[in-house]
Amino acid sequence: MPDIDLKIDMDSCLAVNPGLVLRIEDDDCALLFDPDNGKVQMLNGTAVAVWQLLDGKRTLGEVVDCLGSMYEGVDDATARQVLGFMESLAKLGAVGVWEQD
Amino acid sequence: MPLQVMRTPRALDLEITSRCNADCSYCYYLNNPDVVYADLPTDSWLRFFRELASCQVMHVTLQGGEPLLRDDFLALVDGIVANRMRYSVLTNGSLLTSRIAGQLQQTGRCDMVQVSLDGSTAEVHESLRGGGTFAPALSAIRLLQDFKLPVTVRVTIHPGNIDDLAEIARLLLRDLQLPSFSTNAASSLGISTKYGSGVLLNTTERYKAVRTMASLDRQYPGRIQANAGPLADWRMFSEMEEARRTGTPVAGRGRLVGCGCIFDSFAVRSDGAYIPCVMLPHMVLGRIGETPLTEVWQNAESLCRLRERRGIALEEFDECRLCAWRSSCTGNCPGTAFTATGDVGRPCPSTCLKRFQEELAAEGLSLWP
């Protein structure tokens, strides 16, 4: 189970909850589906890119750096947005620090 | 401009068996020359569920035949859960046990179990569903409630239960305290074509069913669902009449837009054939295990043509050209259109408001004063 009170900063190495389903509908929209409760969240293209970069090894700082190589205009504000996004996903149990098998 | 279709379907209807332990007189499925009565083995379904997971499918509905007739039913449910999907089950309830209900409850992934019930008494329910089917259906509903599973009921309206509809609603919504139930009506598919007038509503019966369901809809607001049959017709007809009366057509209508299902879901027959929906079992798009789901979903020619029917304007059809409701009409279901006309690219005459009003007028009746 993820730690929903997890303290997250730019050095955190987060991974996605492997029980969730990311459905990419088109270039600008994806659905994040939790089969355990049926809840669905919409993600935009940038959020999908972030999601796909969360491998449990990259720090959030490195994730933002990767975004910078993919999109123009990535700056400190983007980093804060990514941090806020991660905090909201962590509260939902969608991302966390997962123990290695 | 080509239609935008999602990369993979969000949901599938899976006819996991062609077998049934009931013999309902109006079954669209039994005695249907377009259905191949063969069941895939467990392994084929489990492999398919893995493919569904790779396509990010979110939901499947298990139906038949009677899905609980499969000995491996719970193994299939486990396969669905293991592949990160949710599911619903459509059943007559006769084979439901505490063990099965408990297993379904434990998965935490069951969105709905739908039990078929057509009467408030054994006499009415069994008039077309056969003897000994009422008590098991009622027991199944109660068992599902005991296990706190989301249970709903489908009532098929036919000539023999129109006078019982108010009692059915009372039984389901007051006595059993279900949050809601749904209704439809028998259509000319499968074995119902054999029994004809005994199971299909004639004009007067349909009128009575529409009036009754409209009244029950007011009595139980928001608690009776309908995608087809008298209540669905009433809702659609009321909307169309209001649009005609006020001169404000319903946006997006006036074309064959009656079916949205094929834009986010499709179906698989018990023999593994992909079909657009269970109402179009003859339209084979490919086979599971042979053609990748994504390929069928995105490129199957007849599925693409079916989607493109939305571009066909109703004014192209002689029977629609002078219709006062045309600009707010959807042309209705392609499945029933095919049954009635042999062509999915036409409006469905059996759910046509203009035609219904003409038939009613011949009987001295009208939907509106």
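Predicted model: local features only at pLDDT ≥ 70, side-chain atom pairs only at ≥ 80, totals over all residues.
Trainee: Which residues does a cis peptide bond join in chain B?

Mentor: B:Gly64 and B:Gly65. Omega there is about 15°. B:Gly65 sits in a loop of chain B, between strand E2 (59–63) and helix H2 (73–82).

Trainee: Is B:Lys148 buried or exposed?

Mentor: Count C-beta neighbours. B:Lys148 has 9 inside 10 Å, and 12 or fewer means exposed. So B:Lys148 counts as exposed.

Trainee: What is the phi of B:Asn332?

Mentor: About 65°, again positive in a residue that is not a glycine. B:Asn332 lies in the loop between helix H12 (318–321) and helix H13 (334–341) of chain B. B:Asn332 is buried, because 24 other C-beta atoms lie within 10 Å and the cut-off is 20 or more.

Trainee: Now a helix. How many residues does H5(B) have, and what length does it reach?

Mentor: H5(B) has 13 residues. From first C-alpha to last it reaches 19 Å, close to the 18 Å expected at 1.5 Å a residue.

Trainee: Which residues of H5(B) are buried?

Mentor: B:Phe134, B:Ala137, B:Ala140, B:Ile141, B:Leu143 and B:Leu144. Next, ask what covers them. The cover includes helix H3 (98–107), strand E4 (110–116), helix H4 (122–129) and E5 of chain B.

Trainee: How do H4(B) and H5(B) cross?

Mentor: Their axes come within 9 Å and cross at roughly 110°. Angles from 65 to 115 degrees count as roughly perpendicular, so that is how H4(B) and H5(B) lie to each other. H4(B) brings B:Ala122, B:His125 and B:Glu126 to the contact. H5(B) brings B:Phe134, B:Ala135 and B:Ala137. By class, the contact has four nonpolar residues, one polar and one charged.

Trainee: Last, the two chains. How many residues does each give to the contact between chain B and chain A?

Mentor: Ten from chain B and ten from chain A. On the side of chain B, sort them by class: three are nonpolar, two polar and five charged.

Notes: Residues numbered from 1 in each chain as written. Chains lettered and ligands numbered in written order. Helix = DSSP H or I, 4+ residues; strand = E, 2+ residues; numbered from the N terminus. Contact = placed C-beta atoms within 7 Å. Nonpolar A, V, L, I, M, F, W, Y, C, P; charged D, E, K, R; others polar. Expected span 1.5 Å × (residues − 1). Axes fitted to C-alpha atoms, helices over the stretch in contact; angles between N-to-C directions. Parallel < 35°, antiparallel > 145°, perpendicular 65-115°, else oblique.
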